[in-house]
Amino acid sequence: MSTPSNPNSPNSSECRGGDGLRRLYGRRQAFRLRDRQARLVKDLLPRLETDIPAEGPIDLAALFPDTDDVWLEIGFGGGEHLAWQAAQNPGMGLIGCEPFVNGIAKLLSKIDEAGLENIRIFPGDARVLLDQLPEASIGRAFLLFPDPWPKTRHHKRRFVQPYVLDALARALKDGAVFRVASDIPDYVAWTLECMMPRADFSWTAEGPDDWRARSPDWSETRYEAKAVKAGRRPTYLEFCRNQRV
Ligand SMILES: C[S@@+](CC[C@H](N)C(=O)[O-])C[C@H]1O[C@@H](n2cnc3c(N)ncnc32)[C@H](O)[C@@H]1O
């Protein structure tokens with residue numbers, strides 16, 4: 001685990017943001033889309049896409065006219081968890097962020113097949129969206145199996161960074177839940193190192209069962225299934241956004 005005095009620690013000034021560190025790393029597209037997927041990207045995506053307004057925050061009431069709350073999933077991959085949450089919680093509006101086109105196409109297939117009406121998609125960097133969400137507007141956020149970037153020199157690319165958590169804390173409502181899962185022990189340690197000193201979040205775990213087992217209102221993702229098959233044991237972290245003072 002990195003220590004705060006280490007320049008590669010999440011709490012070092014290197015990892016505090018700034019334009020140079022806000023590049024998006026990772027793949028945008030891996031292989032050609034099947035004809036049906038390409039059609040969905042062309043026809044369905046524009047209807048579900050969350051636009052960033054030229055000025056001011058995103059109008060969530062316009063995006064979801066009839067919802068009890070808005071939830072956010074960052075890096076939804078193939079959308080298994082997002083589609084599952086949307087089906088289980090029809091009263092919620094869900095925004096999924098994912099820059100990987102093949103993943104977006106997979107989610108669109110699920111939305112189309114299940115007739116899901118409560119998902120909107122931001123096909124880009126979740127950090128851009130976070131900055132444009134209204135303050136205290138999101139009731140739940142999920143970051144499931146984020147890219148681990150295991151090499152020390154790449155730790156700055158990890159999604160969990162103090163400046164990103166600042167933006168997330170601003171967007172979350174008081175009492176909102178932030179869930180993070182990872183099968184990489186170093187990423188878990190990194191996340192806790194970022195989260196524990198913060199006054200705006202509390203880790204809700206009361207004992208090991210809370211981080212060893214996924215709760216029933218949280219479905220398996222594709223990446224998680226692969227990790228388990230490979231013998232890696234995921235850790236499930238849940239944080240609460242504390243009351244603003
Ligand atoms: C290891 S995959 C996990 C995908 C999915 N959550 C799962 O568990 O199967 C991490 C995903 O995060 C996405 N991602 C990486 N950086 C991102 C960012 N800044 N904003 C949104 N998504 C991002 C990647 O494109 C990738 O699909």
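Predicted model: local features only at pLDDT ≥ 70, side-chain atom pairs only at ≥ 80, totals over all residues.

Let me try the cut-off on Ala-136 before we reach the helices. Ala-136 has 15 other C-beta atoms within 10 Å, so this residue is partly exposed. Ala-136 sits in the loop between α6 and β4, and its phi is positive, about 50°, although the residue is not a glycine. Most residues other than glycine have a negative phi. Phe-145 also has a positive phi, near 55°, and is likewise a residue other than glycine. Phe-145 belongs to the loop between β4 and α7, and Phe-145 is buried because 21 other C-beta atoms lie within 10 Å.

Now to the helix pair. Two packed helices are described by the angle between their axes and the distance between the axes. For α1 and α5, the axes come within 9 Å and cross at roughly 85°. Angles of 65 to 115 degrees count as roughly perpendicular, and α1 and α5 are therefore roughly perpendicular to each other. By class, the contact of α1 with α5 is made up of six nonpolar, two polar and one charged residues. From α1 come Gln-37, Leu-40 and Val-41, and they meet Val-101, Ile-104, Ala-105, Leu-108, Ser-109 and Asp-112 in α5.

Asp-112 is 72 residues from Leu-40 in sequence, yet their C-alpha atoms are 8.4 Å apart in space. With 21 other C-beta atoms within 10 Å, Leu-40 is buried.

Helix α5 leads us on to another helix, α4. The buried residues of α4 are Glu-80, His-81, Leu-82, Ala-83, Gln-85 and Ala-86. They pack against α5 (101-114), and also against α10 and the strands β1 (69-74), β2 (92-97), β3 (119-122) and β4 (138-144).

Helix α10 in turn takes us to the ligand. The shell around the ligand draws its largest share, three residues, from α10. Both α6 (126-132) and α10 (222-229) supply at least two residues of that shell. In total, 23 residues surround the ligand, and the closest are Gly-75, Gly-77, Ala-126, Thr-221 and Tyr-223. By class, the shell has 12 nonpolar, five polar and six charged residues.

Finally, let us step back to the whole chain. There are 10 helices and seven strands, and 31% of the 245 residues count as buried. Among contacts between residues at least 6 apart in sequence, 80% join residues at least 24 apart. Along its principal axes, the C-alpha trace spans about 50 × 45 × 40 Å. The radius of gyration is 17 Å, which agrees with the value near 18 Å that a compact globule of 245 residues would have.

Notes:
Residues numbered from 1 in each chain as written. Near = placed C-beta within 6 Å. Helix = DSSP H or I, 4+ residues; strand = E, 2+ residues; numbered from the N terminus. Nonpolar A, V, L, I, M, F, W, Y, C, P; charged D, E, K, R; others polar. Buried ≥ 20, exposed ≤ 12 C-beta atoms within 10 Å, placed from the backbone. Contact = placed C-beta atoms within 7 Å. Axes fitted to C-alpha atoms, helices over the stretch in contact; angles between N-to-C directions. Parallel < 35°, antiparallel > 145°, perpendicular 65-115°, else oblique. Rg over C-alpha atoms; globule rule 2.2 N^0.38 Å.
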